[in-house]
Amino acid sequence: MLRKFLQMLEKENKIEFSKKEFDTKTSEIASVMKSLEGKAVLFENLKGYANCKILVNICSSRELIAKALGTEKEKILFRMLEAMKKSLSYKLVEKACFLENEVKKPCIIEHLPLLTFFGKEKPFYITSAIICARTKDGKVINYSFHRLMYIAKNKFAIRVIPGRHLDRILDTWESEMPVAVFCSVHPAVELACATSLEFGKNELEFANSLLEGKLTCYELNSFHIPAHAEIVMVGKIKKSELVEEGPFADLTETWDIVREQPVLEIEKLYYKSNFIYRTILPAGAEHKLLMGLPQEPRIYSIVSNTLPRVKNVCLTQGGCCWLHAVVSIEKKKEGEGKNAGLAALAAHPSLKRVVVVDSDIDIFDEKQVEWAIATRVQPTKDVIIIPSCKGSSLDPSQKEDSTTDKWVIDATKPLKEKEKFERIKFGEQSEN
């Protein structure tokens, strides 16, 4: 399934095949990943790893993600909303490509081309790991992304965010929790597993809906794993064994703090022969889009309850796909722009700024959004500042008490003298 998607990209010249030899023990490959964002890249010549390739950037633009979902970039949000409403059960199969090779108690770095993204003094990470875990009573299963810092041999430090689904599931176990880890899957599966569904909902059923019922899974140690996954590990999270994790670059392109995190011990590694190793550049476009896009349907739904004529929502890449949003509305009454902006802040508490525009502005074009602010906004009447709110812990500018100021910019046209604020249309004859 992943490979078929790559074949599609190849036919459309949307993937680059790099023949240059790269040493994964240096950060050189990370610089190339950054320079080629917006286009998928397959690194085919890895020093010390003749049996695999590294795949990057398949989710590094809205266009690529839209292609994976069979839609257009402006419709990703609506494709996700539709899939959430009709999650589909997937089929279990008796074969899986990752079963071709099995290694017990593996020395991971001997088999997988782990990367150090920011230099030799920084740790090696798996950034594309999707963790499958279930509550001790077996009633709740969850799939979610978690970064894995390589410690040694078959051990990682796993980042577990307090209060999130994996942390809640971990709380149901005493000292150790069995997990499965997989990567190198179709982008629709990645997007689904990056989405925080209601606790208890199965992210792979959401993925299957995004894939129109084409996802199949294999049961391994009571875990359901996408059958097309190229790398799978099974092991256990050891709650009482803590190590320092970090430093790691967060999506704000600043350093996350070093903190104590539990150890993940791998018992078995499975991989396809001549496998593809998927990795994600920390703080890069993929990191931002995979975190941000799943928030847009929720923002849209909540803002729609305030104003039914919401057209679309975009978390901007310049705002790290997390801190800044643009909301498009069809305005009928004065004040609706401000209402929509306030509703967006409530929908995604990490938001710091919301710009509300009319439907004639392409919210995915940051130049058009800035143009709307430049030509349709007077700060004294169109900007609302809300001081000292609970914001995002990722915001390095937050105050000492962990609060941040938030603001709404109403960049919609005034209903009176609307024609004064219309954009000219190049190439069309004047009506006069």
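Visitor: How many of the 8 residues of helix α9 (residues 285–292) are buried?
Guide: In this predicted model, helix α9 is mostly covered. The buried residues are A285, E286, H287, K288, L289, L290 and G292. Out of the 8 residues of α9, the number buried is 7.

Visitor: Which residues of helix α3 (residues 62–69) are buried?
Guide: Helix α3 has 8 residues and is mostly covered, with 6 of them buried. A residue is called buried when its relative accessible area is under 20%. In α3 this holds for R62, L64, I65, A66, A68 and L69.

Visitor: Which residue just after α3 takes a positive phi?
Guide: The place to look is just after the helix, where phi is about 70 degrees. The residue with this positive phi is G70.

Visitor: Are the axes of helix α10 (residues 295–306) and helix α11 (residues 336–347) parallel, perpendicular or oblique?
Guide: The two axes come within 8 Å of each other and cross at roughly 135 degrees. An angle of 65 to 115 degrees would count as roughly perpendicular, and one over 145 degrees as roughly antiparallel. The crossing of α10 and α11 is also right-handed.

Visitor: How many nonpolar, polar and charged residues make up the contact of α10 with α11?
Guide: From α10 come R298, I299, I302, V303 and T306, and they meet N339, A340, A343, A344 and A347 in α11. These residues divide into 7 nonpolar, 2 polar and 1 charged.

Visitor: What is the hand of the crossing where α4 passes helix α8 (residues 203–210)?
Guide: Helices α4 and α8 pack with their axes 8 Å apart, at an angle of about 120 degrees. That angle makes α4 oblique to α8. As α4 passes α8, the crossing is right-handed.

Visitor: Which residues of α8 make the contact with α4?
Guide: On the α4 side, the contact is made by R79, M80, A83 and M84. The residues of the contact divide into 5 nonpolar, 1 polar and 1 charged. On the α8 side, the residues are F206, S209 and L210.

Visitor: How do the rings of F78 and Y300 meet: stacked, tilted or edge-to-face?
Guide: This pair is one of 9 aromatic pairs. The ring centres are 5.1 Å apart, and the planes stand at 85 degrees. Planes over 60 degrees apart meet the cut-off, so the pair of F78 and Y300 is edge-to-face.

Visitor: How many residues apart are F78 and Y300?
Guide: The pair links distant parts of the chain. F78 lies in helix α4 (residues 76–85), whereas Y300 lies in helix α10. Their separation is 222 residues.

How values were computed: Residues numbered from 1 in each chain as written. Predicted model: local features only at pLDDT ≥ 70, side-chain atom pairs only at ≥ 80, totals over all residues. Heavy atoms only, no water. Axes fitted to C-alpha atoms, helices over the stretch in contact; angles between N-to-C directions. Helix = DSSP H or I, 4+ residues; strand = E, 2+ residues; numbered from the N terminus. Left-handed = near helix turned anticlockwise from the far one by under 90°. Contact = heavy atoms within 4.5 Å. Nonpolar A, V, L, I, M, F, W, Y, C, P; charged D, E, K, R; others polar. Phe/Tyr/Trp six-rings, centres within 6.5 Å; stacked < 30°, edge-to-face > 60°. Buried < 20%, exposed > 50% of the residue type's maximum accessible area, 1.4 Å probe, protein only. Parallel < 35°, antiparallel > 145°, perpendicular 65-115°, else oblique.
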